[in-house]
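Have a go at each task before you read its solution.

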Amino acid sequence: MAVKQLRLDRTALSSLPSECRPAIDPADLRTGMVHLGVGAFHRAHQAVFTEAAIAASGGDWGTVGVAPSSRSVVDALAAQDNLFSVVTLGGADGERARVVAALTGTAHAASDPAAVTALIADPAVRIISLTVTEKAYRPGAALLRLLLTGLAARAAADAGPITLLSCDNLPANGRALRAALIGELATTEQSSLAEWFEQQVSCPSSMVDRIVPASTVATLSSARRILGTADLAAVAAEPFRQWVIEDDFAAGRPDWAAAGATFTSDVTDWEHLKLRGLNGVHSALAYLGALAGRETIAEALDLPGMRSLLRSYVSGEVAASLAPPDGVSVVDYGDTVLERFANPQLGHRTWQVAMDGSQKLPQRVVSVVDADGVEPQLGTLILAAWAQFALGRSDDGGELPLDDPRAAEIRADPTTAALFGPGGILPLADPAHLVAVQRWRDELASHGAAEVVRRCL
Ligand code: CS2
């Protein structure tokens, strides 16, 4: 009688349904990359692209995943031979799950920074990719320091050139990473490292896209049901995935084009489109939806008037703020985004997207409101919704969490002048826009978000 596997690991692979097995044999993987921030997004995005690239064209591009602070992902992956599954939700053929073999190991930066330094200094490692969220690029952030310590060890070991590949939702994320690291270096006066950095390190920018809600009990039970074995590192994602990358690699790269990625010499237009036309719209749904008591993004999109409000925002203000990539229509892009957000299986919580607004809104919404040639209407409504969200109460009196690195400052003075005036949390270029934000705040406070949205119908 066959013994039922209790937990996903290499020995379990042969008993998985064939369509659930990895695209490559994990025994063949050799490390060539380190990823900082081995959360759900990395596993459902870059890991999937990398596995497909290796399956198509080979290469020693297995990844060691570094968790900055949380231990649980490291423990879960270590117990599973670094295997995990991606549960795809809401595709044409229903819910599916497939095990991905892309990771060759894990490290926990908080408890073992020396292990991370050693990895960065390893000559076999030629790319360090990052999903560390917007706030990790702020001056003095612990992860930047750790990355620099690793790079110093690499320079000392003469371990060769390396690429730092940012996959965070920031405009010009590669240049932002480079600037943040050079800025840190200036404070430590390591001029020889700065010189090595200029010669040996490339920092291409990239635009990443896939909706990956936080894993839940439902994710784990779907994985168990489909795989027939438990996977405590499973992640859930929408079917869509996109990656546009600047082709500037110091020491080679996987054949991600074979996995569906697009290479370009300048990713700026894609970044602006995605940050403003997708992420900004996501933030609008998060704040207006949370104020109106909606738990998920799909439920927020269902508020009467919401779709037409967001369509006008994208076709009017977002479109006027940017030049889209060649051949892409901003209006069509926006419509596709709304279809993706409407996926009812995702259960993506408004609170999750609402997190870290002070770090996200500059590139998502302030960039639209402040752009030349834009007459902001709805952009100021989104900012007003964030400000009202920050007060901590939904329209029916429920508590709303302000999870933000600048929460203390925001709470100390949440007036429109303090939040959006000169020197504020999200300073706006034109004082007239502060008046507009205040007007929307008054409307939201008097009528509630659902009614304000409905009136835009
Ligand atoms: C979201 C993003 O949480 C958020 O702020 O807007 O994580 C979004 O789901 C991804 O960027 C989609 O690619």
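## Exercise 1: The two sides of H18

Start from this list: in helix H18, Leu434, Ala436, Val437, Trp440, Arg441 and Leu444 are buried. The task is to find how these buried residues of H18 are arranged around the axis, and what they pack against.

*Solution.* 

Step 1, the ground rules. This is a predicted model, in which local features need pLDDT of at least 70 and side-chain atom pairs count only at pLDDT 80 or more, while totals for chains, interfaces and linings use all residues. Residues are numbered from 1 along each chain as its sequence is written.

Step 2, the terms. Buried means 20 or more other C-beta atoms within 10 Å of the residue's own, exposed means 12 or fewer, and partly exposed is in between, with C-beta atoms placed from the backbone. Helices (H or I, at least four residues) and strands (E, at least two) are DSSP runs, numbered from the N terminus.

The arc is that of the directions from the helix axis to the C-beta atoms.

Turned away from the buried side of H18 are the exposed residues Pro431, Ala432, Val435, Asp442 and Ser446.

Step 5, the partners. The buried residues of H18 pack against helices H9 (268–291), H15 (378–390), H17 (416–420) and H19 (449–455). Contact here means that the C-beta atoms of two residues, placed from the backbone, lie within 7 Å.

Step 6, the length and the end. H18 runs over residues 431–447, and its 17 residues reach 25 Å from first C-alpha to last, close to the 24 Å expected at 1.5 Å a residue. That expected span is 1.5 Å times one less than the number of residues. Just after H18 comes Gly448, with a positive phi of about 85°.

## Exercise 2: A residue in H19

Is Val452 buried or exposed, and which residues does Val452 contact beyond its neighbours in sequence?

*Solution.* 

Step 1. Find Val452 in helix H19.

Step 2. Val452 has 24 other C-beta atoms within 10 Å, and therefore is buried.

Step 3. Leaving aside neighbours within four places in sequence, Val452 is in contact with Glu443, Leu444 and His447. Leu444 is also one of the buried residues of H18.

Step 4. Leu381 is 71 residues from Val452 along the chain, and their C-alpha atoms are separated by 9.5 Å.

## Exercise 3: Check H12

What span should the twelve residues of helix H12 have at 1.5 Å a residue, and which residues of H12 are buried?

*Solution.* 

Step 1. H12 (residues 330–341) should span 16 Å, and its end C-alpha atoms are 16 Å apart, which agrees.

Step 2. The buried residues of H12 are Val330, Gly334, Val337, Arg340 and Phe341. They sit on the same side of H12, because their arc around the axis is only 120°.

Step 3. On the other side of H12, Asp332 and Glu339 are exposed.

Step 4. The cover over the buried residues of H12 includes H9, helix H10 (297–301) and helix H11 (306–321).

## Exercise 4: Around the ligand

Which residues surround the ligand, and how do the residues of the shell divide into nonpolar, polar and charged?

*Solution.* 

Step 1. Around the ligand are Asn169, Asp209, Arg210, Ile211, Asn279, His282, Gln352, Val353 and Lys360. The cut-off is a C-beta atom, placed from the backbone, within 6 Å of the molecule.

Step 2. The shell divides into two nonpolar, four polar and three charged residues. Ala, Val, Leu, Ile, Met, Phe, Trp, Tyr, Cys and Pro count as nonpolar, Asp, Glu, Lys and Arg as charged, and the others, Gly among them, as polar.

Step 3. H9 and helix H13 (350–354) each supply at least two residues of this shell.

Step 4. In the loop between H13 and helix H14 (357–369) you will find Asp356. Asp356 has a positive phi of about 60° although it is not a glycine. With 16 other C-beta atoms within 10 Å, Asp356 is partly exposed.
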